[in-house]
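Here's a quick briefing on the fold you're about to look at. Have the viewer handy.

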Amino acid sequence: MSMAPELLSVVQHNLSWQAAHAAAGAAAEAAAQMGVLVNIAVVDCSGLPAAFVRLPGAPLHSIDIAKDKAYTAVGFGLPTSRWHQALESHSEAVREGLPQRPRFVGFGGGLPIVINGQRVGGIGVSGGSEEEDEIIARAGLRALGLA
């Protein structure tokens, strides 16, 4: 059995390096203005690193948390701050099991980057409070003309 040629190709939109760096830079500027020391990670549509900024003095453990927030956000297309609410509608097994998955982050600071309805990347911020992290991540989205 052979597949039709149109079923063999998939168009996958991705975040450019310029956009990734613009988002990370804008988020870093927002963090500096707020006086919050954070790590900022931007990933492409596959969850692979596209840009990273660490404000001097940001917590070292927050480096991986920022990366995982971005990874979780692009992987599911959901802001990481919405996971608590999203899990309420699932079975107990999902509520207990999903948060135990490696790299899954279920608290605020990770946002998907969506352009024309397509996930092209994610941004994760860690080092401040959940609210501060999300405000800083949104500054990165605004730099791309998204909010």
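What follows covers the overall build, then the sheet, then the helices.

This is a predicted model, where local features need pLDDT of at least 70, side-chain atom pairs count only at pLDDT 80 or more, and totals for chains, interfaces and linings use all residues. Residues are numbered from 1 along each chain as its sequence is written, and side-chain values use heavy atoms, with hydrogens and water left out.

**Overall build**
- The protein chain has six helices and four strands, counted as DSSP runs (helices H or I, at least four residues; strands E, at least two) and numbered from the N terminus.
- Along the sequence, the pattern goes α-α-β-β-α-α-α-β-β-α.
- Of the 147 residues in the protein chain, 39% are buried (under 20% relative accessible area, 1.4 Å probe, protein chains only).

**The sheet**
- It's an open, antiparallel sheet of four strands, ordered S2-S1-S4-S3; two strands pair if DSSP finds at least two bridges between them.
- Strands S2 (49-54) and S3 (110-115) sit at the edges with a single partner strand each, so one side of each has no neighbour in the sheet.
- S1 (residues 39-44) runs antiparallel to S2, and five bridges join them.
- Ala41 has Phe52 in S2 as its bridge partner.

**Helices on the sheet**
- Helix H3 (residues 61-76) packs on the sheet and touches S1, S2, S3 and S4 (118-126), with contact meaning heavy atoms within 4.5 Å.
- Helix H6 (residues 130-143) lies across S3 and S4.

How values were computed
Axes fitted to C-alpha atoms, helices over the stretch in contact; angles between N-to-C directions. Buried < 20%, exposed > 50% of the residue type's maximum accessible area, 1.4 Å probe, protein only.
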